[in-house]
Amino acid sequence: MSDLKYCQGPECHTYHTQDRLKGMKGSKTYQTRRRSSFYYLGGNACDMRCQSDWFQKFGEQAVNHFGRVKEVKHLTEQNAWVKNYDYRSYQRGEEDRYYFVNKITEEQRPLTKEQYDDTNYTLNER
Ligand SMILES: [Zn+2]
């Protein structure tokens with residue numbers, strides 16, 4: 001089963017749960033959890049504790065690596081566009097309704113599903 005992956009929590013193997021206790025009788029050990037998918041740490045940790053352990057150990061390095069915020073940011077009309085989805089129109093049997101909403105002016109502009117799903121598509125000035 002090569003598509004199983006290991007929990008990235010650095011302490012995962014130290015937590016005593018029955019599902020972590022594996023091996024032959026007489027030589028069982030607590031082991032890192034292995035699953036086809038995880039729900040924490042972007043799909044890399046088995047639970048909130050392992051997610052937290054990872055962040056305690058590596059968060060500082062990750063922030064430095066990917067870019068630390070070094071000056072104040074301002075929310076203005078030019079960068080206040082967020083995508084939204086009206087689930088109620090789906091419940092009413094209407095077409096799915098996707099739209100941009102400006103968090104400053106509250107103006108709304110319609111979106112296609114493709115534009116909604118496209119993570120690079122934005123009205124915000126960069
Ligand atoms: Zn874990």
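The legends below describe close-up views of a predicted model.

**View 1. Four cysteines hold the zinc ion.** The angles among the four donor atoms run from 105 to 113 degrees, and the site is tetrahedral. For comparison, the ideal angle for four tetrahedral donors is 109.5 degrees. Along the chain, the donors of the zinc ion are spaced as C-x4-C-x33-C-x3-C. Cys 7 belongs to the loop between β1 (5-6) and β2 (21-22), and Cys 50 to helix α1 (residues 48-66), so this pair ties together parts that lie 43 residues apart in sequence. Cys 7 has a relative accessible area of 4% and is buried. Cys 50 is also buried, at 0% relative accessibility.

**View 2. Helix α1 has a kink.** The kink is centred on Phe 58 and amounts to about 60 degrees. Between its end C-alpha atoms α1 spans only 22 Å, whereas a straight helix of 19 residues would span 27 Å at 1.5 Å a residue. The buried residues of α1 are Cys 50, Asp 53, Gly 59 and Ala 62.

**View 3. Tyr 85 pairs with Tyr 98 and with Tyr 116.** The whole structure contains six aromatic pairs. One of them joins Tyr 85 and Tyr 98, with 5.0 Å between the ring centres and 35 degrees between the planes, a tilted arrangement. Tyr 85 is in strand β5 (residues 81-86) and Tyr 98 in strand β6 (residues 97-102), so the pair links parts of the chain that are 13 residues apart. Tyr 85 is partly exposed at 26% relative accessibility, while Tyr 98 is buried, with a relative accessible area of 8%. The rings of Tyr 85 and Tyr 116 have centres 6.3 Å apart and planes at 50 degrees, so this pair too is tilted. Tyr 116 is in helix α3 (residues 113-117) and Tyr 85 in strand β5, so the pair ties together parts that are 31 residues apart in sequence. Tyr 116 is partly exposed, at 27% relative accessibility.

**View 4. Three aromatic residues form a cluster.** Its members are Trp 81, Phe 100 and Tyr 121, linked by ring pairs.

**View 5. Leu 41 has a positive phi without being a glycine.** Phi of Leu 41 is near 50 degrees. The residue is in the loop between β4 (34-35) and α1. Leu 41 is partly exposed, at 22% relative accessibility; the range for buried residues is under 20%.

**View 6. Glu 106 has a positive phi and is not a glycine.** Its phi is about 65 degrees. Glu 106 is found in the loop between β6 and β7 (108-111). At 62% relative accessibility, Glu 106 is exposed.

Notes
Residues numbered from 1 in each chain as written. Predicted model: local features only at pLDDT ≥ 70, side-chain atom pairs only at ≥ 80, totals over all residues. Heavy atoms only, no water. Donors = N, O, S within 2.8 Å, 3.2 Å for Na, K, Ca; no water. Tetrahedral: all angles 85-135°; square planar, octahedral: opposite > 155°, others 65-115°. Helix = DSSP H or I, 4+ residues; strand = E, 2+ residues; numbered from the N terminus. Buried < 20%, exposed > 50% of the residue type's maximum accessible area, 1.4 Å probe, protein only. Expected span 1.5 Å × (residues − 1). Bend = angle between axes of the 7 residues up to and from the residue. Phe/Tyr/Trp six-rings, centres within 6.5 Å; stacked < 30°, edge-to-face > 60°.
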